[in-house]
Amino acid sequence: MKKSTILGKALLSATVITLSLGTVSCKQESKPEDSKEAAEEQNEVKFEDNDAKEDDSEFLVNAAETDLEEIEIGKLAQQKGTDAEVKAFGKMLVDDHSKSFEELKSFSDKKQISLPLVATEDSKEAYNDLNKKTGLDFDKKFAQMMVDGHQNALKDAEKVSKEAKDEEIRMWAANKIPTLTAHLEHSKKLKERLDSKK
């Protein structure tokens with residue numbers, strides 16, 4: 001009788017350990033969560049009963065995603081760009097968007113809004129697409145990305161400056177418009193010049 005009880009307990013223990021190990025290995029194999037999605041989920045939990053604050057937090061999460069992407073792409077432009085102006089624009093992006101991200105982080109901490117702190121999956125995809133290019137093809141794709149990206153960022157900033165419920169967030173967005181406009185104009189001129197090259 002005792003032997004069967006001991007054997008039963010041993011089998012039960014082995015089963016529990018096997019199931020536990022199986023659970024751990026499944027968790028480790030799952031895809032890491034996107035930094036933007038993680039920030040959005042944290043904000044949803046924090047502002048569950050405050051739709052206005054949740055909407056405003058989404059504006060800041062999007063702005064952080066843009067800053068992080070522009071920083072990484074700016075670094076890549078400095079490394080791989082063949083045109084001097086592409087390299088210089090890359091440096092300007094890193095400088096301006098790093099400053100913007102630090103301001104945004106400080107601002108969002110005050111508002112208790114979570115932000116992505118590393119490049120998102122979409123940003124990594126854009127970076128990888130650009131990184132596949134070389135020479136003039138790289139420069140042209142970079143310029144096109146900068147036109148598209150800054151058009152979207154400017155549109156978002158203009159929307160936030162009018163629609164955010166929090167007055168400080170509206171003012172913050174309004175203050176971003178001149179820099180984004182300058183980047184957009186710069187990138188349009190760069191694209192036009194590069195597109196004329198063969």
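How do the axes of H6 and H7 cross, and within what distance do they come? The axes cross at roughly 155 degrees and come within 8 Å. The legends below take this pair and other views of the predicted model in turn.

View 1. Along the sequence the pattern reads α-α-α-α-α-α-α. The chain has 198 residues, and buried ones make up 36% of them. Take the contacts between residues at least 6 apart in sequence: 75% of these join residues at least 24 apart.

View 2. The mean pLDDT of the chain is 83. A value of 70 or more is reached by 82% of the residues. Among the elements, helix H6, residues 135–163, has the highest mean pLDDT, at 95. Helix H1, residues 2–29, has the lowest, at 46. Over residues 10–31 pLDDT stays under 50. For that stretch the model has zero contacts beyond four places in sequence.

**View 3. Helix H6 packs against helix H7.** Here the two axes come within 8 Å. Their crossing angle is roughly 155 degrees. Angles over 145 degrees count as roughly antiparallel, so H6 and H7 are roughly antiparallel to each other. H6 passes H7 in a left-handed crossing. The residues of this contact divide into 17 nonpolar, seven polar and eight charged.

**View 4. Helix H4 also packs against helix H7.** H4 spans residues 84–111, and H7 spans residues 167–195. The angle between them is about 165 degrees, and their axes lie 12 Å apart. That angle makes H4 roughly antiparallel to H7. The crossing of H4 and H7 is left-handed. What residues form this contact? They divide into eleven nonpolar, six polar and eight charged.

**View 5. Glu65 sits in helix H3.** This helix covers residues 51–80. Is Glu65 buried or exposed? Glu65 has a relative accessible area of 13%. Buried means under 20%, so Glu65 counts as buried. Which residues does Glu65 touch, leaving out those up to four places away in sequence? They are Lys36, Pro116, Thr120, Asp122 and Ser123.

**View 6. Ile113 lies in the loop between H4 and H5.** Helix H5 covers residues 121–131, and the loop that holds Ile113 runs between H4 and H5. Ile113 is buried, with a relative accessible area of 4%. How far apart are Ile113 and Ser57 in sequence and in space? In sequence, 56 residues separate them. In space, they are 6.0 Å apart, C-alpha to C-alpha.

View 7. Val61 lies in helix H3. At 1% relative accessibility, Val61 counts as buried. Ile113 is buried too, at 4% relative accessible area. Val61 and Ile113 are 52 residues apart in sequence. C-alpha to C-alpha, the distance between Val61 and Ile113 is 8.4 Å.

Definitions and conventions
Residues are numbered from 1 along each chain as its sequence is written. This is a predicted model: local features need pLDDT of at least 70, side-chain atom pairs count only at pLDDT 80 or more; totals for chains, interfaces and linings use all residues. Side-chain values use heavy atoms; hydrogens and water are left out. pLDDT is the predictor's confidence in each residue, from 0 to 100. Helices (H or I, at least four residues) and strands (E, at least two) are DSSP runs, numbered from the N terminus. Contact means heavy atoms within 4.5 Å. Axes are lines fitted to C-alpha atoms, for helices over the stretch in contact, and angles run from 0 to 180 degrees between N-to-C directions. Angles under 35 degrees count as roughly parallel, over 145 as roughly antiparallel, 65 to 115 as roughly perpendicular and the rest as oblique. A crossing is left-handed if the near helix is turned anticlockwise from the far one by less than a right angle, and right-handed if clockwise. Ala, Val, Leu, Ile, Met, Phe, Trp, Tyr, Cys and Pro count as nonpolar, Asp, Glu, Lys and Arg as charged, and the others, Gly among them, as polar. Buried means under 20% relative accessible area, exposed over 50%, partly exposed in between (1.4 Å probe, protein chains only).
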